[in-house]
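Welcome, and thanks for taking a look at this one with us. Please have the sequence and the 3D view open side by side as you read.

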Amino acid sequence: KGDSVILAVVKDPGGTNAVLPVVEGLRKRGGNVRLLANGAAVKLLVEKGVAHENFSFEDAAELVRSSSCEFFLTSMCSDGGIGLDLIPVARDAGVLTIAVQDFWGARLKKEFGDPTFWPDFLLAPDEVGAQLVRKSWVGWCGQVLVTGWIAFDQLATLDCDGARSAFREQFALREPWPVVLFAGQIERTLEVL
């Protein structure tokens, strides 16, 4: 709407990968999205060549409090960060808050466990994620929206046959043996691979 701004904040790689497609979708629809990176997202966005801003919590809070902030969107990352801290600021300013989960239960009982940090809306990857939110945040008056696994949208056009062939070629897998991928979360996945 006119001069309105949407502020999106990202911090960890998983949260960044879940929020970026939302930011891109909003921009394609004409939204004036200002993407704020903190934590690991700063390096990740530079590597991806994604335009973003690095500014202090105080500057971000001032933007949220301004009359031009349409709504505030944040990833749900470890140790909170600017995104978590801005939720009560946005609420006090009457700005709609939306948090995006990148995996089931993302920080629901940790950083986001305090009702002070509950958003107006939470985007969950599937109904399992939505149920975890409802069970974890007893008394929450917000709304869960099931969006699908946003970070995987980029795989919708993946050439699976080509990727399969390239993988088998790279690792000299000539036999038609099945390939099983163990994908853990954060710790030790690379060791297994």
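Here is a short tour of the fold, the helix packing, the aromatic rings, the cysteines and a few loop residues.

## Ground rules

Please keep in mind that this is a predicted model, in which local features need pLDDT of at least 70 and side-chain atom pairs count only at pLDDT 80 or more, while totals for chains, interfaces and linings use all residues. Residues are numbered from 1 along each chain as its sequence is written, and side-chain values use heavy atoms, with hydrogens and water left out.

## Overall fold

Let us begin with the whole chain. The protein has 7 helices and 6 strands, where helices (H or I, at least four residues) and strands (E, at least two) are DSSP runs numbered from the N terminus. The C-alpha trace spans about 60 × 35 × 30 Å along its principal axes.

Of the 193 residues, 39% count as buried; here buried means under 20% relative accessible area, exposed over 50%, and partly exposed in between, with a 1.4 Å probe and protein chains only. Contact means heavy atoms within 4.5 Å. Among contacts between residues at least 6 apart in sequence, 63% join residues at least 24 apart.

## Helix packing

Two packed helices are described by the angle between their axes and the distance between the axes. The axes are lines fitted to C-alpha atoms, for helices over the stretch in contact, and angles run from 0 to 180 degrees between N-to-C directions. Helix α1 (residues 13-28) and helix α2 (residues 41-48) have axes that come within 9 Å and cross at roughly 50°. That makes α1 oblique to α2, since angles under 35 degrees count as roughly parallel, over 145 as roughly antiparallel, 65 to 115 as roughly perpendicular and the rest as oblique. The crossing of α1 and α2 is right-handed; a crossing is left-handed if the near helix is turned anticlockwise from the far one by less than a right angle, and right-handed if clockwise. At this meeting place, Pro13, Thr16, Asn17 and Leu20 of α1 touch Ala41, Leu44, Leu45 and Lys48 of α2.

Which helix packs with α3 (residues 57-65) at an angle of about 35°? The partner is α4, and the two axes are 10 Å apart. This crossing of α3 and α4 is right-handed. Phe57, Ala60, Ala61, Val64 and Arg65 in α3 meet Ile82, Asp85, Leu86, Val89 and Ala90 in α4.

## Aromatic pairs

Rings of Phe, Tyr and Trp (its six-membered ring) pair if their centres lie within 6.5 Å; planes under 30 degrees apart count as stacked, over 60 as edge-to-face and the rest as tilted. By this rule there are 4 aromatic pairs. Trp104 and Trp149 form an edge-to-face pair, with 5.5 Å centre to centre and 75° between the planes. Trp104 lies in the loop between β4 (96-100) and β5 (121-124) and Trp149 in the loop between β6 (143-146) and α6 (160-170), so this pair ties together parts that are 45 residues apart in sequence. Trp104 is partly exposed at 45% relative accessible area, and Trp149 is partly exposed at 29%.

The Phe167 and Phe171 rings have centres 4.9 Å apart and planes at 50°, so that pair is tilted. Phe167 is partly exposed at 33%, and Phe171 is partly exposed at 48%. Ring pairs also link Trp118, Trp137 and Trp140 into a cluster.

## Cysteines

How many disulfides are there? The count is 0, with a disulfide taken as a pair of cysteine sulfur atoms within 2.5 Å. Cys141 is exposed at 79% relative accessible area, whereas Cys160 is partly exposed at 44%.

Most residues other than glycine have a negative phi. Asp79, however, has a positive phi near 60°. You will find Asp79 in the loop between β3 (69-75) and α4 (82-92), where it is exposed at 64% relative accessibility. Arg107 also has a positive phi, of about 60°; it sits in the loop between β4 and β5 and is partly exposed at 22%.

Phe117 lies in the loop between β4 and β5 and is buried at 17% relative accessibility. Phe117 and Pro88 are 29 residues apart in sequence, yet 6.2 Å apart in space, C-alpha to C-alpha. Leaving aside neighbours within four places in sequence, the contacts of Phe117 include Leu84, Ile87, Pro88 and Phe112.
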